[in-house]
Amino acid sequence: MEPETIQKAHSPITVPVVRKLLHRGARARLARIFTKAYPVEVARLLSTLPESERWEAFSILLEESDASHVSSVLSEMSPSHSVGLLERLEPKSIARYLSELPPDDATLLASNLSEPLAAEVLALMEAEPAADVRGLLEHEERTAGRIMTTDYFALEEDVTISEAVTALQKKSEDYEMVFYLYVVDKRDHLVGVVSLRKLLTTHPSTQLKRVMAHPVISARTEASQQEVARLVAEYNLLAIPIVDNEDKLVGIVTVDDVIDVLQEEAAEDLLALAGVTAEERVTTTASRSLQLRAPWLLLNLATTFLPAFVIAQFDWAISKYAALAAIVTMPMGMGGNGATQTLTVIIRGLALNEVSGVGKITFKQMVVGLGNGIINGLVGAIVVALFFKTVWLGIVLAISMVVNMIVAALAGTLIPVVLKRMKVDPAVASTVFVTTFTDVGGSLSFLGIASLFMSMLPHS
């Protein structure tokens, strides 16, 4: 389905159509659309609208839909969009909508509200949802404890299958999703898990401890959300239990939240490599986009002075043979391209916990860099030699290309690994350092080698 389109009962509604209805003041028709559509469809539509029109459309949703539907729509939106809408409401209204949400979704929204407003909203929320949200807010961001839900189905190990089925039927509405029955001892320690299939196909008088699977794949509250996503994907789980330091069951992370994590991480890593934050969208205002991009570009500007300084040290060589100024960009650019390839592979490997033997991985990337340097260096050397009618200039380019491709492989491998060990997100910080290495390596190797061959190069 296209991002700008929502479809209900075979009637496609596009953003241009909604904008036209807004401009015409057709609020009743829009209200019918929002009420009948699925929350995720309305959320996608609101997120695509420009900011001013997003609020106008959201106000129609508020007037015509119940609190549950509005809350579901908000939970499906990115916090960068939903929080902006929430903060225009009265704290009492915000509290009502957050009380309707599962604890993990309510916590995500509450954590993105301004601090004074968040405290006021929590004080106005219903007692039980507020307590759940406060409990989740105690955990660090981007950890299992922060993204888990406390709505899970757990019973003690001595309970029979018949009693478990009865309990599930009585309390099914209390749980967001039930994929598994978790088995705990009398002190709430997680001791096993029973699938719903097992629950329905086992004799009713059998105790849970007789049919439960153990040990259980679980994660601790302080585990990163990436680790949780990896476990769910590796073991094909629909949900993963979260335990505290005493192995007591405190929550679960469901597969839908894991999908959100994977999408969020992938998008952030991709944007970070280009120096763009996840907050910026196509509909972001020009002034806000400038605020988000300018600091990163200024940092990149600062790093460009280093290769410029290196080139300046060889102005005597460039003055004798001006072609050097034109060709120096080739090893620099190719080094940057090679480093980007290496960097992408390494960052993906770090995210999937595939990077174990750093030495072996570094050597392999250096071999790849050497191979690419030889191939591209030879091609570049032939073209340059023919164009400038001097074999020696082609040889200089080929050698510098090989050198800088190896530098690119080293920088693209080691910099993200070092940043990861320093607890810095390599996707965010690697690019600027790697680019500096390849620019300096390319300019220094090319001009340095050229200075050694000056007697063999024709002067301008």
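1. β3 and β4 run parallel and are joined by three bridges; strands here are DSSP E runs of at least two residues, and helices are H or I runs of at least four, numbered from the N terminus. Two strands count as paired if DSSP finds at least two bridges between them. Across this pairing, A154 stands opposite Y182 in β4.

2. A word on the basis: this is a predicted model, in which local features need pLDDT of at least 70 and side-chain atom pairs count only at pLDDT 80 or more, while totals for chains, interfaces and linings use all residues. Residues are numbered from 1 along each chain as its sequence is written, and side-chain values use heavy atoms, leaving out hydrogens and water.

3. On its other pairing, β4 (residues 180-184) meets β5 in the antiparallel sense, over five bridges. Y180 stands opposite S195, and V184 has L190 as its bridge partner. Five residues lie between these strands in the hairpin, where D188 takes a positive phi near 70 degrees.

4. Taken together, the three strands make an open sheet with mixed pairing, in the order β3-β4-β5. β3 (154-156) and β5 (190-195) are at the edges with a single partner strand each, so one side of each has no neighbour in the sheet.

5. How enclosed is β4? Five of its five residues are buried (under 20% relative accessible area, 1.4 Å probe, protein chains only), so β4 is largely enclosed by the rest of the structure. Y180, Y182 and V184 point one way, L181 and V183 the other. In a regular strand, side chains alternate between the two faces of the sheet.

6. Now the cores, meaning sets of buried Ala, Val, Leu, Ile, Met, Phe, Trp, Tyr and Cys residues joined through side-chain atoms within 4.5 Å. In the largest, of 44 residues, F34, L46, F58 and L98 touch the most other members. Helix α4 (residues 51-64) gives the most to this core, with five residues. A second, separate core of 26 residues includes Y180, V193, A229 and L249.

7. Finally, do look at α17 (residues 286-312). Among the buried residues of α17 are L292, W296 and V310.

Terms used. Buried < 20%, exposed > 50% of the residue type's maximum accessible area, 1.4 Å probe, protein only.
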